[in-house]
Amino acid sequence: MMAKLRRVTAACVLYLFATQALAEDASALFWARGIENQRKADLGNGSYLNPILAGDRPDPTVLKDGSDYYMTHSSFFTYPGLLIWHSRDLVNWEPLVAALRTDVGSVWAPDLVKHKGRYYIYFPGLKNGRVSNYVVYADNIRGPWSEPVDLNIGDIDPGHVVDQDGKRYLFMSAGGKIQLANDGLSVVGPLKKVYSGWQYPADWVVTAFALEGPKLIRHGGYYHMLVAQGGTAGPPTSHMVASARAKSLDGPWENSPYNPIVHTWSRDEKWWSKGHGSLVEGPDGKWYVMYHAYENGYWTLGRQTLLEPVEWTADGWIKSSGYDVAKPIRKPGNEAVPHGMTLSDDFSTNKMGIQWGFHRGTAEDTARYRYKDKALILQGKGSSPENCAPLAFIAGDHSYQVEIEAEISENAKAGLLVFYNEKLYAGVGFDRDGFITHRYGTNKPVKAALPRKVHLRLVNKRNTVTMYTSADGKEWMRYDPVIEVSGYHHNVADGFISLRPAIYAAGQGEVKFTDFRYQALP
């Protein structure tokens, strides 16, 4: 009887724990946990749960190269940019190298391809009001990568394709096509419009028509093109992936009867604004579409990378296989690489960790830092987070804690933030005169007698940010106010990026940062 009672009691306790966890976060019961307790897709039982890459990894372009897969994404204002990931099963991904180090502005939807043994990334960049398209290339995926070559093409979202005669082309947003030179480093002739998109029903709630993101393959005697339409943000039902096919790259292009291939039908779904897809054959011989989406309730995390099975019909069209991407799906393969990256940093090397990037970084910023005695020494710039190019990284967890020790020189300022852009950030900083409260993108001095060295901690619990300070890293004092940041995202402040943990050094002096720690929380 007592044994039975203990079993019943244990079951009740487990039920209560599960109910509480479900109430706090409906997904917390299902995601696997990896490095620093970060969520990951591989559930360890032969299945995965989206996202494949948590956090702001938008506009995915994926390349199958033998039994290896490589992927990169839009990097926008972050430098170094165009981080390349590697996988063997399309679910577990390890970071390899950032392919772009020279500032060409905000970097959008790229296309990663391999042609005659050489790797290329084609991508648009917006700088000082000018849009152009660029290419970087390498003979080894791990680099070194070339300096960007300006192709002097307007429009955005280049998609590379090779015709049956071996000629190379880029398809662009709005349905344009332009020929590349044989080496892929310049264009031949003018941009020509060859496709007008798929006309979705007039009563659909989308942002705009926005024909973008062409990705092309040749399969079954046809060129197949996936495009993004409807706008990548805005209403949850805005974005989609549509498909068309043609015998010739010049068309005529026939829209699929199965369109849209991917779409968010209701704001009640787990994933919003699903769109911008790339087709890839998995290690199991089946086909998948990799695309991005916002997570319901977490616009702040940006557009995350999802993987969904698709299939070829008997008459040669690609269509959805009907999976619910909010539920576990069988993995395409079993040969996995270690997933993700460590976000903590003890600054013990003389090279910046691959997780970090300067917001709107320039060549000047690459000269601002050095490493010495397990410390990052960062020269101040500007007067506040809005103009000092904060050093940030992409986080993919609903809740996390970050902390760091900062020591300022006479005329420097330092701080720890959650940073969206120059308009929206929150956190705590300090200088020789006291603390600085950062809230809604404002900077409010708070007079206080402080040492030059202060420990800072920030806890983001499902978009509620609490800050702490300490003189010794042992006894912590909460620093008010507590800040709600669920509105710190694109639909409020533009920019198409995410809310990110960041550190900053402003003013005329230097800041010595040591022992940065990240930990995902339940």
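Two strands are taken as paired if DSSP finds at least two bridges between them. In the predicted model examined here, strand S24 (residues 287–295) and strand S25 (residues 304–312) meet this condition, pairing in the antiparallel sense over seven bridges. Within this pair, Trp287 stands opposite Val310 in S25. Strands of a sheet pair through backbone hydrogen bonds, in either a parallel or an antiparallel arrangement.

The S24 and S25 pair belongs to an open sheet of four strands, ordered S23-S24-S25-S26, with antiparallel pairing. Strand S23 (271–281) and strand S26 (318–320) form the edges, each pairing on one side only. From one strand to the next, the twist averages 40°.

Five cavities of 30 Å³ or more are found in a search of the whole structure. The largest cavity holds about 220 Å³ of space. Its lining consists of 17 residues, and those nearest the centre of the cavity are Gln38, Arg39, Ala54, His339 and Gly340. Classified by residue type, the lining of the largest cavity comprises eight nonpolar, five polar and four charged residues.

His455 is located in strand S37 (residues 453–461). Its relative accessibility is 13%, so His455 counts as buried, the cut-off for that class being under 20%. The side chain of His455 is joined to the side chain of Glu405 by a polar contact of 3.0 Å. His490, in turn, is placed in helix H3 (residues 490–493). His490 is likewise assigned to the buried class because its relative accessibility is 13%. For His490, the side chain reaches a backbone atom, the nitrogen of Gly495, at 3.3 Å.

With a relative accessibility of 49%, Phe30 counts as partly exposed, because the exposed class requires a value over 50%. Phe30 and Leu49 are separated by 19 residues in sequence, and the distance between their C-alpha atoms is 7.8 Å.

Terms used
Residues are numbered from 1 along each chain as its sequence is written. This is a predicted model: local features need pLDDT of at least 70, side-chain atom pairs count only at pLDDT 80 or more; totals for chains, interfaces and linings use all residues. Side-chain values use heavy atoms; hydrogens and water are left out. On a 1 Å grid over the protein atoms alone, a cavity is a set of points where a 1.4 Å probe fits but cannot get out, and a pocket is an open set with protein on both sides within 12 Å along at least five of seven lines; lining residues have an atom within 4 Å of a point. Grid points are joined across faces, edges and corners, and a volume is the space filled by probe spheres set on the points. Ala, Val, Leu, Ile, Met, Phe, Trp, Tyr, Cys and Pro count as nonpolar, Asp, Glu, Lys and Arg as charged, and the others, Gly among them, as polar. Helices (H or I, at least four residues) and strands (E, at least two) are DSSP runs, numbered from the N terminus. Axes are lines fitted to C-alpha atoms, for helices over the stretch in contact, and angles run from 0 to 180 degrees between N-to-C directions. Buried means under 20% relative accessible area, exposed over 50%, partly exposed in between (1.4 Å probe, protein chains only). A polar contact is a pair of N or O atoms within 3.5 Å; within protein, one must be able to donate a hydrogen and the other to accept it, and residues adjacent in sequence count only if both atoms are side-chain atoms.
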